[in-house]
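Here is a short briefing on one protein model. Read it with the sequence and the structure side by side.

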Amino acid sequence: MGCAASQENAIATVSSSSNTTTTSTTANSQKWATPRAIQASHPINSNLTQVAAIHTSSMDSGSETVQFSSPRGSLTTAFSSSSSGAQRKMSANSERSLHTRPLADTAVIHKTQSSKMSTGAGDSPVYQAVERGSLYSLDYRVFIKGPQGIVSPWHDIPLFADKEKSVYNMIVEIPRWTNAKMEMATKEPFSPIKQDEKKGVARFVHNIFPHKGYIWNYGALPQTWEDPNHVVPDTGAKGDNDPIDVIEIGSKVAGRGAVLQVKVLGTLALIDEGETDWKLVAIDVNDENADKLNDINDVEKIYPGLLAASVEWFRNYKIPAGKPANEFAFNGEFKNREYAEKVIAETNEFWKALMKEATPALNTVSRVPEAVHQATDDSAASAIAATPEHGPSVALPGDVDKWHFVQG
């Protein structure tokens, strides 16, 4: 995949925090041709056999991408929970750093080949990412559609893809190398993915040299919750009130809203503004190196430098915004797979308790039988109707390509 070449022509000090100095450069990035926006509005027909043309620029040789006419239909990308996770959604206005080709007024469906691993439950569920609103705006949402209709990725997608083999489902919120800070909306019905905001402005992470945006596929495990009323004994800090975060370190760029099958290798314990914020390290089970990675110590052998870079990234990513460096439990050392899976099991129990609360602070509307607040097709239709139709992307901020240099 091509990346825009950058020429740096200016350096300026932009912020300082404590003993940390931050400088930035303004990148005159090479511009890729910008495809025209897809004029999208209504959900796509689910009949995937009406193929009009084959689109051959799939980012994964193990898949085929097809287009078919959709009269002003929503840009909808299908992902299998057993897929390789290599499909990168080719949106009409993609992140600047990704090279896309123009598409006609069609919807794009990524059809993956069968997984290398069986879930042990017959055919794996197929999930579709359904976009609403305009990318990079505060009205943007990605709903997830499964066999039952619109589902909550947080509550309705199972934690395990294959419990016997300790293979988990992961919801991808942020594709690697992108800057838009996306997350599941835990206070909204069906917890769609949305862009985080601060003071009414959509949030983007800064590029800290030598990185571009997020340096892994970033997301969360479903059916987990870091209870803010629980003090984690090993960290001395309460949970952060979110599903447990995952960084997927494989070689492919996943699409926003993709459901990957992953193997957990370990975890980092970030202390973010006084809260425990676990960062699980995982690998897509269909990655070319998945068989070589079975615990946290294997990562340095296969991807030398990645764990150290990850600690550096989490420590520094808020500094350009004027905040202090983040801290870690365990002196920033990663805990192994066994430890990480105990953390997952505990957060799964916290989630189960949350689903039984009559008046939870977060939205727990779900199709799981144990949920107090049951989802219906009518409530799903209402959630969709409450969002704008899918439209062209909003222009990215002018400083999204800046490079920041941190010393400290």
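Pro210 sits in the loop between strand 16 (207-208) and strand 17; helices (H or I, at least four residues) and strands (E, at least two) are DSSP runs, numbered from the N terminus. The model is predicted, so local features need pLDDT of at least 70 and side-chain atom pairs count only at pLDDT 80 or more, while totals for chains, interfaces and linings use all residues. Residues are numbered from 1 along each chain as its sequence is written, and side-chain values use heavy atoms, with hydrogens and water left out.

**Backbone details**

- The peptide bond from Phe209 to Pro210 is cis, with omega near 5°.
- Most residues other than glycine have a negative phi, and most peptide bonds are trans.
- Asn241 is not a glycine, yet has a positive phi of about 70°; this residue is found in the loop between strand 19 (237-239) and strand 20 (245-248).
- Asn241 is partly exposed, with a relative accessible area of 24%; buried means under 20% relative accessible area, exposed over 50%, and partly exposed in between (1.4 Å probe, protein chains only).
- Glu273 also has a positive phi, near 50°, and lies in the loop between strand 21 (259-272) and strand 22 (275-284).
- Glu273 is exposed, because its relative accessible area is 58%.

**The whole protein**

- The protein has four helices and 24 strands.
- Of its 408 residues, 57% are buried.
- Among contacts (heavy atoms within 4.5 Å) between residues at least 6 apart in sequence, 72% join residues at least 24 apart.
- The accessible surface comes to about 17,300 Å², and 49% of it belongs to carbon and sulfur atoms; such areas come from the Shrake-Rupley method with a 1.4 Å probe, and for residues only the protein chains shown count as cover.

**Nonpolar cores**

- A nonpolar core is a set of buried Ala, Val, Leu, Ile, Met, Phe, Trp, Tyr and Cys residues joined through side-chain atoms within 4.5 Å.
- The largest one has 56 residues, and those with the most contacts inside it are Trp216, Ile249, Val299, Trp313 and Phe314.
- Helix 2 (residues 306-316) gives the largest share of this core, six residues.
- Apart from this core lies another, of 24 residues, including Leu159, Val246, Ile271 and Ile344.
- Leaving aside neighbours within four places in sequence, Val299 is in contact with Ile249, Leu265, Leu293, Pro304 and Leu307.

**Helices 2 and 4**

- Helix 2 is mostly covered, with eight of its 11 residues buried; among them are Leu306, Val311 and Asn316.
- In helix 4 (residues 377-385), Ala380, Ala383 and Ile384 are buried.
- These three lie on the same side of helix 4, because they cover an arc of only 100° around the axis; the arc is that of the directions from the helix axis to the C-beta atoms.
- Asp378 and Ala385, on the other side of helix 4, are exposed.
- The cover over the buried residues of helix 4 includes strand 7 (126-132), strand 8 (141-146) and strand 9 (149-151).

**Trp351 and Gln223**

- Trp351 is in helix 3 (residues 337-355), whereas Gln223 is in the loop between strand 17 (217-220) and strand 18 (231-232).
- The two are 128 residues apart in sequence, but their C-alpha atoms are 5.9 Å apart in space.
- Trp351 counts as buried because its relative accessibility is 6%; Gln223 counts as buried at 12%.
- Not counting residues up to four places away in sequence, Trp351 touches Trp154, His155, Gln223, Thr224, Trp225 and Val368.
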